[in-house]
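Here is a short walk through one protein chain.

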Amino acid sequence: MQKLIREVHPDIYRIRLPLPGKKPGPANAYLFMGKPATLLDTGTRQGYPHLKKALASLGLSPADLDQVVITHGHVDHFGAARRLRADSGGRIRVLVHEADRRSVETGRDMPTLAVGRFLRLAGLPYHYLVPLFLLFQVFRAMAPSCRVDETFVDGDVLELGRYQGRVIHTPGHTPGSSCIFLESENILFSGDHVLGHITPNALVEVDVTNILPTRPVQKEFYQSLEKIEQLDPGKVFTGHRKPVEDFPAIARMYRENFEARRQAIMAILEQGEKTVYQTARELFPELDNTTRLSLEIYLAISEVYTHLQALEDEGRVKLLAEKGRILIHLENGKQGKP
Ligand SMILES: [Zn+2]
């Protein structure tokens, strides 16, 4: 039990829940003892037996919990919520930011058809689409839909065990991503907005009404990061892996990576016209033929596209959807011809 559960702060326990694959590593749920007994994130449906075991080791059953607070609408953070509530006899209340409510209530992160259309525009070859959509099905199986009892917004104060936590809305990773700040303790629970070991993905937000995704997720991510910098938390408890003790160093690392990525993308585009997909393949030459390939390529396209959005926002590129492709024009006149 030592590794599965640990008291990380007085009356706050971290529960590590298994996830398939190496990245981003096991999901962290945090249990706040006291009233209202609160679980922050739940892991996946498949991790539920581990969660129950961890609760039991503290002498608790699901019926002893009052509420589940979800940091964001990804399957590894809300997947066990429905089972947990069912096993509590329906007494657990489920809370999430209003912008991620739909993901939790439908159990699906993405509108599949719109994602498919976007990926084709990005130049992704057809043969990657089927394995990718099968993978989306696997994700869905990790998180049955769950009714949300209450939504919160930025600035709301939540009772978590014997503590009070302020909601800091930090869109970027998802539209409703939220961190919880315990002011009295100077500690932050970040979900996936801050991760110690990798820069979190600011995932492309495919839009069912627009041909090209318009939500500027990279810009939102860094604006959200500034919000956290202003709070200056002494310690950040993350959604995966170990807590972050030196948040300013992590924020610096994110910005350096961001700058390096965009320079690399500009350099690739200056060599000649490319699709988003081709740019992604050049940016990540290490992507090889693994079983996770289609997911990796999806994340790589998402990364390139969201950086292009930020570059467009600064007037350095122009994105157009023409003849079934996203065309990328460089505004510096340095674009080579193929
Ligand atoms: Zn996530």
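Start at Ala321, whose bridge partner in strand E14 is Ile326. This is a predicted model, in which local features need pLDDT of at least 70, side-chain atom pairs count only at pLDDT 80 or more, and totals for chains, interfaces and linings use all residues. Residues are numbered from 1 along each chain as its sequence is written.

Strand E13 (residues 317-322) and strand E14 (residues 325-330) run antiparallel, joined by six bridges. Strands pair if DSSP finds at least two bridges between them. Two residues lie between the strands of this hairpin, and Lys323 takes a positive phi near 50°.

Now turn to the helices. The axes of helix H8 (residues 247-270) and helix H10 (residues 293-313) come within 10 Å and cross at roughly 90°. Axes are lines fitted to C-alpha atoms, for helices over the stretch in contact, and angles run from 0 to 180 degrees between N-to-C directions. H8 and H10 are therefore roughly perpendicular to each other (65 to 115 degrees). H8 contributes Arg261, Arg262 and Ile265 to the contact, and H10 contributes Val304, His307 and Leu311. Contact puts C-beta atoms, placed from the backbone, within 7 Å.

Step back to the whole. The protein chain has 10 helices and 14 strands. Both are DSSP runs, numbered from the N terminus: helices (H or I) of at least four residues, strands (E) of at least two. The C-alpha atoms fill a box of roughly 65 × 40 × 35 Å along the principal axes.

Conventions. Parallel < 35°, antiparallel > 145°, perpendicular 65-115°, else oblique. Contact = placed C-beta atoms within 7 Å.
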